[in-house]
Amino acid sequence: MSEPYNDLVSNPSHYKHPSGVECKEIIYDLSGWIANSVKYVWRYPHKGKPVEDLRKSQECLRAATVVRLFDISSVFDYSVIVEKAKLVVAHESEGSLLRELLEIILTGDTPPDMSDISRMIDLIEDEIERYSEYDKAMRELYEKEMREAEICDANMREECEEYRR
């Protein structure tokens, strides 16, 4: 059963974390481009187009470096971000992309700087490569299974024809 319309708009399940923290609780106080990047990483495993969401996240980070919207002056209350992000990090498995990005955000007393954003872009690129390799392997497996099924179907047809004779 699908989620009711109101839940899809105000509380979609792909933005709820097992820690109890919702994505908007962290990104609300981040600057626009960084917030959007975190949002895409938060949801990429759940929306059905992981590589697309990861690339969007990278694009947001690149935009942040151009317009410099990651400056402390664009953050309302960084302590709120830190508190919520620590809850999410505690529930994420070691090496998860969301955990790694939030740990970068948590480093220091200020929002991410240029070198932090560069590290975040690189981490996302690594994840895109992993997904691309996985996707390729899954497609190859699917194609192999389809070829085997066609062979099996052909063999069954031959057996049926022989039985009929």
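Reply: Let's start with Tyr44, which is buried, as its relative accessible area is 7%. Buried means under 20% relative accessible area, exposed over 50%, and partly exposed in between, with a 1.4 Å probe and protein chains only. Keep in mind that this is a predicted model: local features need pLDDT of at least 70, side-chain atom pairs count only at pLDDT 80 or more, and totals for chains, interfaces and linings use all residues. Residues are numbered from 1 along each chain as its sequence is written, and side-chain values use heavy atoms, with hydrogens and water left out.

Me: OK, how many aromatic pairs does a search of the whole structure find?

Reply: One. It's Tyr44 with Tyr131: the ring centres are 5.6 Å apart and the planes are at 75°, so it counts as edge-to-face. For Phe, Tyr and Trp (its six-membered ring), a pair needs centres within 6.5 Å; planes under 30 degrees apart are stacked, over 60 edge-to-face and the rest tilted.

Me: And where do the two partners sit in the chain?

Reply: Tyr44 is in the loop between α3 (32-43) and α4, while Tyr131 is in helix α7, 87 residues apart. Helices here are DSSP runs (H or I, at least four residues), numbered from the N terminus.

Me: Is Tyr131 buried or partly exposed?

Reply: Partly exposed, because its relative accessibility is 24%.

Me: New topic: what does Asp53 touch?

Reply: Tyr40, Arg43, Tyr44 and Lys47, leaving out residues up to four places away in sequence. Touching means heavy atoms within 4.5 Å. Asp53 belongs to helix α4 (residues 50-67) and is buried, at 2% relative accessible area.

How values were computed. Helices (H or I, at least four residues) and strands (E, at least two) are DSSP runs, numbered from the N terminus.
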